[in-house]
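Have a look at the structure, then work through them one at a time.

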Amino acid sequence: MLKSFTRGPDGGGLSGLSLTTLAIGAGVLLAVVLAYRDVWPWLLTEWRDNPYYSHGVLVPLLSLFLIWRGRQAVALRAPSNWGYLVIAIGVGMLLLGLWWSAYWVAGFSLPVVIAGIVMALLGLQVARRWAFPLLFLLLMVPLPFDVWVAQWLETPTASASTALVQLLGIPAENKGSLIELPNAKFAVGGVCAGLRSSIALFTLALFVVMVGTPGGARNKAALLALVIPLALVANTVRIAVLLGVANAWGTDAAMNYYHDYSSYVFFALALALLFLASGGLRCPLWRLQFDPRPS
């Protein structure tokens, strides 16, 4: 059941909330912190040690930025009992995740619980206005499938890189995830297969495209669908360049010099491809429209 809300004299925003509502919100926040006391250490450890999710710590900060930017939505406050159902679903996910020691399930429950709290305290319209930053929080949770997917990408990445350098006349041979040159051998490991950078690039692209890039929803969806394929192409080129360096100047030059800085090559190329694709899809990334004013 929805309840009515009388807008404050300032026309809305956080200052329109009563002290009672703010106190309830603070109490709920403390309850969430305590309920997830076994999940926080796992999340922090994953962000620190998991190479595929080192960007995860930025996700909640970006979400908070977007919520603060859209804080005027609080003027639409109309608490909804549907929020308690969503909270119950989230708590159920949390309990199951902890029971099975599947911390990624427990982690996924956190955005669900937060969304339920927003609905219960502020209403469905506010939750709708904040839908993107709430959903964006899902990207902070490390999935347990990253290593398997990365290993699956090893052989295709090695094969594509080998084929590319062969076109340039470099005598390379591919055997699974191994690449052999006349003077060197390389193994494409899971971390080097492009998934790590693809996940980080997709997170960044999703934030930029959905928040500040002009264009229709269909064009933006098409651009986002291209992010990971373009990232994998850029990574293939990165490895091909490493093979070229090794063929010309030896393994030491390739691994001790180029390899250490190849991530910059990857991001430069991936971003260039993304910029070109965004222009073709009529949602150009060079025309960002971030509005510093609250929406």
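**Exercise 1.** Are H9 and H10 roughly parallel or roughly antiparallel to each other?

*Solution.* This is a predicted model, where local features need pLDDT of at least 70 and side-chain atom pairs count only at pLDDT 80 or more, while totals for chains, interfaces and linings use all residues. Residues are numbered from 1 along each chain as its sequence is written, and side-chain values use heavy atoms, with hydrogens and water left out.

- Step 1: the axes of helix H9 (residues 195-212) and H10 cross at roughly 160° and come within 9 Å.
- Step 2: H9 and H10 are therefore roughly antiparallel to each other (angles over 145 degrees count as such).

**Exercise 2.** Work out how H10 and H11 run relative to each other.

*Solution.* 

- Step 1: helix H10 spans residues 217-249 and helix H11 residues 251-280; their axes cross at roughly 150° and come within 8 Å.
- Step 2: that angle makes H10 roughly antiparallel to H11.
- Step 3: by class, the contact of H10 with H11 has 23 nonpolar, 6 polar and 1 charged residues.

**Exercise 3.** Over which residues does pLDDT stay under 50?

*Solution.* 

- Step 1: start with the whole protein chain, where the mean pLDDT (the predictor's confidence in each residue, from 0 to 100) is 87, and 92% of residues reach 70 or more.
- Step 2: the stretch under 50 is residues 1-11.

Note on methods
Contact = heavy atoms within 4.5 Å. Axes fitted to C-alpha atoms, helices over the stretch in contact; angles between N-to-C directions. Helix = DSSP H or I, 4+ residues; strand = E, 2+ residues; numbered from the N terminus. Parallel < 35°, antiparallel > 145°, perpendicular 65-115°, else oblique. Nonpolar A, V, L, I, M, F, W, Y, C, P; charged D, E, K, R; others polar.
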